[in-house]
Every structure is written in C-alpha cells, then in structure tokens.
Amino acid sequence: MKRRTVSILGATGSVGKSTLDLVERSPERFEVVALTAATNVASLADAARRTSARLAVIDDAALLPELEERLAGSGCRGVTGRTALIEAAAGEAEWVMAAIVGCAGLEPVMAAVEAGRTVALANKEALVTAGALMIDSARRSGATILPVDSEHNAIFQCLAGSSLDDVSRLILTASGGPFRTLGRSEMARMTPAEAVAHPTWSMGAKISVDSATLMNKGLELIEAHYLFGLPSERIEVLIHPQSIIHSMVEYVDGSVLAQLGSPDMRIPIASALAWPDRMATPADKLDFARIGRLDFEIADTERFPALRLAREALEAGGAAAVVLNAANEVAVGAFLEGRIAFLNIAELVEDALARTDASAPHSIADVVDIDSETRDRVREMMRVPTT
Ligand SMILES: NC(=O)c1ccc[n+]([C@@H]2O[C@H](COP(=O)([O-])OP(=O)(O)OC[C@H]3O[C@@H](n4cnc5c(N)ncnc54)[C@H](OP(=O)(O)O)[C@@H]3O)[C@@H](O)[C@H]2O)c1
C-alpha cells in the first residue's frame, strides 16, 4: 500500500503530539514530510529525527541556528519564516494537520486549502475568522476539509454523506469545563491553573481557558455553521459533563445519531488520518456498564456570557467573528499571564464587539487587518484598569 504523505503544522502542541503518536505507531501507512513549531525547538527537532521528516519549520527566527544544529546529519532541512511555513502547508504532503493555535494558523491553513490538500482542521480559529473564504476556496481547489475537533468530527461521522435537507438540527455537546457548577462570584476568583485543569480532556492552555469560559463552544458553534452549512438556530449546545457523546445529528424523522468514544483526541485525529478508512488507536474503549449514566444540562449563558457573544457574532455576520476571536485571544493571553481576572475575558470581548466598526472581510488580508486592529484595541482597553 502506498504510504500517505503527511505534514503537521503545530507538531509540538497537544494535537500535534497526538497526531505524531498515531503516525509513529503506523510507519507503514504514513510518511512525514514537514513539521512546524513556534519556539519549541528541542521537541521539533526530536520529532523530525524520529519520523525522518524532510522539513522542520521554526517560527522564531532566532532559534534557527539551534534547530540546524539539532538536525545536523539527519537529512532534515531546518528553516524559518512565513514562506517556509507556507511551504510546509502547501508542499508535497497530500494530508495536512492544521494544529497551530489561534489566528496565527490562518495563512498556512489557507495555503493548504488553496493547494487542494486534504486538511485535517483542528485550528478552529482559522475557520471562525475566515470560514466563508475558506469554504469557497476549498470548493475551487477541490481541497477536502476534515474536522478534527471532536464535536465536528462526531457530526461529520453521524452525517455520513446524508443530505442536509434531512437534518433538523445539530447538537454540539460540551463538558461544561472546570467551572460548570460555579457561581459568578466564585468564578471571579479562579486562577489560570484552575482554569486549565479540564475535568475530561487534556489540551493546550488556550483551548483549556476557552473551555472554562465556554468560548470554546461558541467558537465551535461558528465552526459548525461553516463546516456543515446550517444556520445558528439549527445548531444547539448541550452540556454533557461526561464527554462520552461527542455530538449528535437529529434528522427530520426524529432519529438522532450520536458518536461516542472516550475523551481522547487520538480518536477524531485517527478518523481524519485514515479517512475514508479507519485505523486502530490505543485510546481506551468505552465500558458502558461502568459509565452507568449519561447526563445532560442546558448551557447557562448568564453565567457563561462568552457562549452568548459567540452566537450573537455568528448571527451578526460581517467582521463580528473576527473581532470576537481576536479579542478573546488577547484576553485569554492576558489572563494566562495573570494580568486580568477570569471574568474580564468575556467583558473585554463584549466591549471589543460593541466598539468595532469594521466591515465584512472580503479577503484573507482583510481578516488579518481586522484581527490586528482588534488586538491593538483590546490591548489599549486593558491599559484602563478593569474590575
Ligand atoms: N488540544 C486539544 O485537545 C484540541 C481539541 C480540539 C481542537 N483543538 C484546536 O487545535 C489547535 C491546537 O490546539 P492545542 O491544544 O494543540 O494547542 P497547543 O498545545 O498550544 O499547541 C499549539 C501549537 O501551535 C504552535 N504555535 C503556537 N503559536 C504559533 C505561531 N504564532 N506560529 C506558528 N506556530 C505556532 C505551537 O508551537 P510551540 O510548541 O513551539 O509553542 C504548538 O506546536 C487550537 O486551535 C485548538 O482550538 C485542540
């Protein structure tokens, strides 16, 4: 069997490492072309050596000499810069994992889509900020976008090629995050360490904070809209603390299809990696008798305003999703650095949305401009003391 050529953007992160784990377990099925990272040079060089990758891209140019030194004699080329990142995304690999965190991943994802690759999309911020442009581009280039977010991967599996006319609604499940049962006054005191301690999933810091505010589910709502082409009112969010059902599709006849599995990202990643086939993973199998019960709750947008803001941004259209995402990225960064309190995150996003006069982006350059203007505005807003 011919090996599938793969590149992993964000190879040193949580999703990137899980992807490497699967690829390295099946060397007979996968051949690694390129790996990328921002600053984690040791982990990047190590993975490049282990997988015999041909190209390793480090975003921080100051780290290139160290990367080259670590790769000496391996046959892998160490490079840096935007052009190199685009080369990794749109180069020889037929399958590209997009696992850079944040809007920083947008241009490489678009390059892979424009080049007609099969793009396994974990980088939800890219789709949230440029969804319409990306889906249009994929139509033109023939690229396939395979959702890696566990919820969207679940929906993709439950749709299994059905007509969207037969779907009445999508039900996105959410664990509720580490603060699911807390009141606002308790949330106000929560630290970064408490926010990243997710009850069911092990993930990178930014998405873990997004899960604590429920912004993650808001971003996923927008992501689902672009991936599956359904309007906001046909996409529901349901709290399901056990993270066993990863999402559901309700059909017009009343049938509901759900995808279940243990909360291990290697399951949705494997589904995209082997697609349209399947591959084995080391993820735990479900033991239903031990699980015993599955619980569900309504998502509370009073306690978790970020989810309301994301739905409003989706319904407003135009530049709102770009502003929402940029403001959130800056606010989450500031929270992780201990500069603002947990509740300030959604407050800053709401203020940024209220103050924007940006018009709808018509190109990726427009998205990048709105993203950058919003970041500057939110940084300026943070200079004014917050409560
Ligand atoms: N983690 C999960 O379980 C999960 C589940 C569903 C969806 N996702 C989505 O997948 C994406 C990745 O999440 P993650 O949790 O894997 O994040 P993460 O652990 O923080 O890893 C992020 C990766 O992106 C690289 N990176 C960060 N900033 C960059 C920049 N400016 N330019 C180039 N590369 C950059 C990092 O390199 P360094 O290591 O060198 O910093 C790292 O390889 C996010 O969009 C997230 O929402 C994650």
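Let's start with Thr-213, which has a relative accessibility of 6% and therefore counts as buried, the cut-off being under 20%. Keep in mind as you look around that this is a predicted model. Thr-213 belongs to helix H10, which spans residues 205–213. Within this stretch, a polar atom of the Thr-213 side chain sits 3.1 Å from the backbone oxygen of Asp-210. Leaving aside residues up to four places away in sequence, Thr-213 touches Phe-304, Ala-306, Phe-342 and Ile-345.

Helix H15 (residues 320–336) packs against helix H16 (residues 344–355) at an angle of about 145°, and their axes are 8 Å apart. The crossing of this pair is right-handed.

Now turn to another helix pair. Helix H7 (residues 150–159) and helix H12 (residues 266–274) have axes 9 Å apart and pack at an angle of about 50°, so H7 and H12 are oblique to each other. Here the crossing is left-handed. H7 contributes Ser-150, Asn-153 and Gln-157, and these meet Pro-268, Ser-271 and Ala-272 of H12. The residues of this contact comprise two nonpolar, four polar and no charged.

Key: Residues numbered from 1 in each chain as written. Predicted model: local features only at pLDDT ≥ 70, side-chain atom pairs only at ≥ 80, totals over all residues. Heavy atoms only, no water. Axes fitted to C-alpha atoms, helices over the stretch in contact; angles between N-to-C directions. Helix = DSSP H or I, 4+ residues; strand = E, 2+ residues; numbered from the N terminus. Parallel < 35°, antiparallel > 145°, perpendicular 65-115°, else oblique. Left-handed = near helix turned anticlockwise from the far one by under 90°. Contact = heavy atoms within 4.5 Å. Nonpolar A, V, L, I, M, F, W, Y, C, P; charged D, E, K, R; others polar. Buried < 20%, exposed > 50% of the residue type's maximum accessible area, 1.4 Å probe, protein only. Polar contact = N/O pair within 3.5 Å; in protein donor to acceptor, adjacent residues only side chain to side chain.
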